[in-house]
Amino acid sequence: MGKKGEKTKEKIRQAAYLLFARKGFQSVTMTDICEKTGLSRGGLYRYYSETGQIFSEILSEEYAIADRIEKQESAKAILEDMLEAIRREILDKELSLSLAIYEYANLGNGDFFKNINDKAKRRWISLLHYGIETKEFKTVDTEQISDLILYYYQGLRMWSRVILFDEQVAEHYVKTIKQLLLQE
């Protein structure tokens with residue numbers, strides 16, 4: 001697929017992300033995505049055959065840290081960027097896919113989510129090990145802390161759909177993770 005095709009797929013995923021965040025998974029149709037992107041049905045179907053395929057790709061996109069670690073960027077800088085993205089998502093329920101994820105999981109996609117969770121955990125463990133090696137992070141049980149980071153975040157993310165969190169809640173999350181990890 002050429003550069004133009006990849007750009008179109010990215011446009012589709014971005015538009016669909018906003019629809020899934022607002023309406024959930026089951027309420028979004030290919031017609032909705034066509035309207036949001038301005039693509040014809042044929043244009044959309046050239047890239048995706050159904051909403052589940054688009055949603056799976058959105059959820060499979062990863063925050064890339066392996067390249068940053070390979071380039072020997074500061075572990076603290078990588079952590080700060082990841083926490084800022086999480087903070088923004090906690091505060092903006094329009095960015096939360098929690099409802100859509102719940103609906104999609106209930107359609108029998110448990111293995112898919114286990115895989116995503118496993119990748120996220122490995123990503124966090126990788127960053128934690130890197131930060132410990134560079135002495136930017138405290139020596140911690142990486143398995144335990146990765147669970148805390150992931151599930152604390154997931155809880156806030158889910159609840160952000162029904163409770164309007166103020167800035168302080170998101171800051172507590174960021175501050176807690178930094179206190180657990182960063183050397184003083």
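What is the mean pLDDT of the chain, and what share of its residues reach 70 or more?

1. **Confidence.** The mean pLDDT is 89, and 98% of the residues reach 70 or more. Here pLDDT is the predictor's confidence in each residue, on a scale from 0 to 100. Confidence is lowest in helix α7 (residues 98-105), with a mean of 81, and highest in helix α2 (residues 30-37), at 96. Where pLDDT is low, predicted coordinates should not be read in detail.

2. **Ground rules.** This is a predicted model, in which local features need pLDDT of at least 70 and side-chain atom pairs count only at pLDDT 80 or more, while totals for chains, interfaces and linings use all residues. Residues are numbered from 1 along each chain as its sequence is written, and side-chain values use heavy atoms, with hydrogens and water left out.

3. **Overall build.** As you turn the model, look for ten helices and zero strands. Both are DSSP runs numbered from the N terminus: helices are H or I with at least four residues, strands E with at least two. The C-alpha atoms fill a box of roughly 55 × 40 × 30 Å along the principal axes.

4. Of the 184 residues, 42% count as buried. The word buried means under 20% relative accessible area, exposed means over 50%, and partly exposed lies in between (1.4 Å probe, protein chains only). L128 is 53 residues from L181 in sequence, yet their C-alpha atoms are 8.2 Å apart in space.

5. **The largest pocket.** Its volume is about 1,100 Å³. A pocket is an open set of points on a 1 Å grid over the protein atoms alone, with protein on both sides within 12 Å along at least five of seven lines; lining residues have an atom within 4 Å of a point. The volume is the space filled by probe spheres set on the points, which are joined across faces, edges and corners. The lining has 30 residues, and E61, E89, R123, Y153 and R157 lie nearest the centre of the pocket. Helix α8 gives the most to this lining, with seven residues.

6. **Salt bridges.** There are 14 in the whole structure, each defined as a side-chain nitrogen of Lys or Arg within 4 Å of a carboxyl oxygen of Asp or Glu. One joins R68 and D81, with the closest N and O atoms 2.7 Å apart. R68 lies in helix α5 (residues 66-70) and D81 in helix α6, so this pair ties together parts 13 residues apart in sequence. R68 is buried, at 15% relative accessible area, whereas D81 is partly exposed, at 35%.

7. K114 and D118 form a salt bridge, with closest N and O atoms 3.0 Å apart. Both lie in helix α8, four residues apart, about one turn of the helix. K121 and E143 also meet in a salt bridge (2.8 Å, N to O). This pair links distant parts of the chain, with K121 in helix α8 and E143 in helix α9, 22 residues apart. K121 is buried, at 15% relative accessibility, while E143 is partly exposed, at 43%.

Terms used:
On a 1 Å grid over the protein atoms alone, a cavity is a set of points where a 1.4 Å probe fits but cannot get out, and a pocket is an open set with protein on both sides within 12 Å along at least five of seven lines; lining residues have an atom within 4 Å of a point.
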